[in-house]
Amino acid sequence: MSFTLPSVSPPTVQVKVEHLAIAIYIYSGATVSSFSFCPPCEHNPEAEVAGVAQGVVVKDCSDTGSWRIGDLKMQTGLIYSQPSTQTGRTDVNSVTNWNAPLVWEGTFDPVVIDAIYKRMDPRVAVVVFAVGKYTSFLKGFLETGEKYFLVDFRVTYYIFTDKEEDVPKIELGKGRKISVVTIPSSNRWQEVVLGRMKWATITIEKQIRNNADYLFMMDIDSVFHNRFGAESLSQLSAVLHRGYYKNRNRDQFPYERRPTSKAYIPAGEGDYYYTAAVWGGYLEEMYKLVKYCYMQSEEDAKNKIEAVWQEESHLNKYLLYNKPTKVLSPEYLWSDYDQIPEDIKVVRISQLVKNYAEVRPNGGN
């Protein structure tokens with residue numbers, strides 16, 4: 001099927017988007033179900049995002065029954081290890097200073113977690129971008145995702161690409177789908193990165209919100225190695241960047257330090273440094289955050305500045321003042337470039353070693 005996306009013009013920030021026909025192809029063994037995420041209402045015809053001081057103000061429609069993590073119920077008769085108040089991980093911190101879980105191997109029981117969350121039955125969207133030569137990473141990502149990522153949950157992979165013909169045919173599990181969204185090519189990898197927020201915003205508005213309850217943004221140049229399960233789900237989940245999760249002062253984090261950028265974080269502020277290669281949350285929360293990053297990037301562009309790490313800089317600004325409800329350890333995004341330290345007991349997903357000069361449109365510069 002195909003549809004035409006109209007221009008996006010939020011009431012507080014003028015954003016110019018050309019009228020584009022974006023085709024979405026879905027293959028699976030099941031019919032895509034309908035879901036009303038946040039339809040226009042008389043009090044708020046369209047979500048409004050505006051940067052205010054150090055935070056962000058977002059107008060929402062009233063709750064119309066969208067999916068939420070509910071009561072933590074499980075079936076009777078389930079056999080699992082007895083939890084302890086005296087033993088557990090002592091080499092890492094498992095809670096933030098705002099009392100959100102910090103998830104590591106050994107801080108949860110997968111039997112209990114799966115029993116609880118499978119009863120809730122969320123529809124999960126995974127948004128990935130495979131532009132240009134990055135389509136070569138699709139097969140590995142999808143095949144390992146089917147083996148390790150939210151197994152037995154309903155998942156749709158939304159693949160944004162300029163080469164629809166290069167999307168491989170992968171054998172999918174029950175209730176799992178692939179949806180291909182065609183987008184224009186880019187001449188700079190920075191444009192691909194910044195464009196992710198634009199295309200994701202438009203497609204959430206026009207397509208994904210009808211078919212998903214939960215959304216992950218992920219980098220395609222990665223493969224799964226071990227369980228990436230329901231322990232990762234929360235209202236808004238962020239992943240610690242592997243390079244800055246220990247033995248680093250906050251002033252050493254690669255935040256945007258130029259006050260002229262919308263991503264600016266002053267020295268002396270900051271909690272953690274989060275990666276933009278994996279993040280997730282309720283569809284509503286992710287829509288707010290994706291749209292925020294897009295609009296802040298547009299404002300920077302008007303002022304002829306680009307945040308030092310593109311949307312990752314805006315993501316870190318947002319999460320500093322809008323705390324994630326769950327923080328995932330670097331187990332949830334490691335890198336094949338780095339040795340695995342003792343505190344990383346399990347690598348769940350890892351970024352691949354690659355020749356940036358070969359795969360990026362402008363040679364990695």
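This is a predicted model: local features need pLDDT of at least 70, side-chain atom pairs count only at pLDDT 80 or more; totals for chains, interfaces and linings use all residues.
Residues are numbered from 1 along each chain as its sequence is written, and side-chain values use heavy atoms, leaving out hydrogens and water.

**Around Asn-316**
- Asn-316 sits in helix α5 (residues 310-321); helices are DSSP runs of H or I with at least four residues, strands runs of E with at least two, numbered from the N terminus.
- A polar atom of the Asn-316 side chain lies 2.9 Å from the backbone nitrogen of Tyr-274.
- Not counting residues up to four places away in sequence, Asn-316 touches (heavy atoms within 4.5 Å) Tyr-255, Ile-265, Tyr-272, Tyr-273 and Tyr-274.

**Salt bridges**
- The count comes to 20 salt bridges, each a side-chain nitrogen of Lys or Arg within 4 Å of a carboxyl oxygen of Asp or Glu.
- Arg-68 and Glu-284 meet in one of them at 2.7 Å, N to O.
- That pair links distant parts of the chain, 216 residues apart: Arg-68 is in the loop between β4 and β5, Glu-284 in helix α4.
- Arg-68 is partly exposed at 31%, whereas Glu-284 is buried at 13%.
- Glu-231 and Arg-227 also form a salt bridge, with their closest N and O atoms 2.7 Å apart.
- Glu-231 is buried, with a relative accessible area of 1%, while Arg-227 is partly exposed at 21%.

Terms used. A polar contact is a pair of N or O atoms within 3.5 Å; within protein, one must be able to donate a hydrogen and the other to accept it, and residues adjacent in sequence count only if both atoms are side-chain atoms. Buried means under 20% relative accessible area, exposed over 50%, partly exposed in between (1.4 Å probe, protein chains only).
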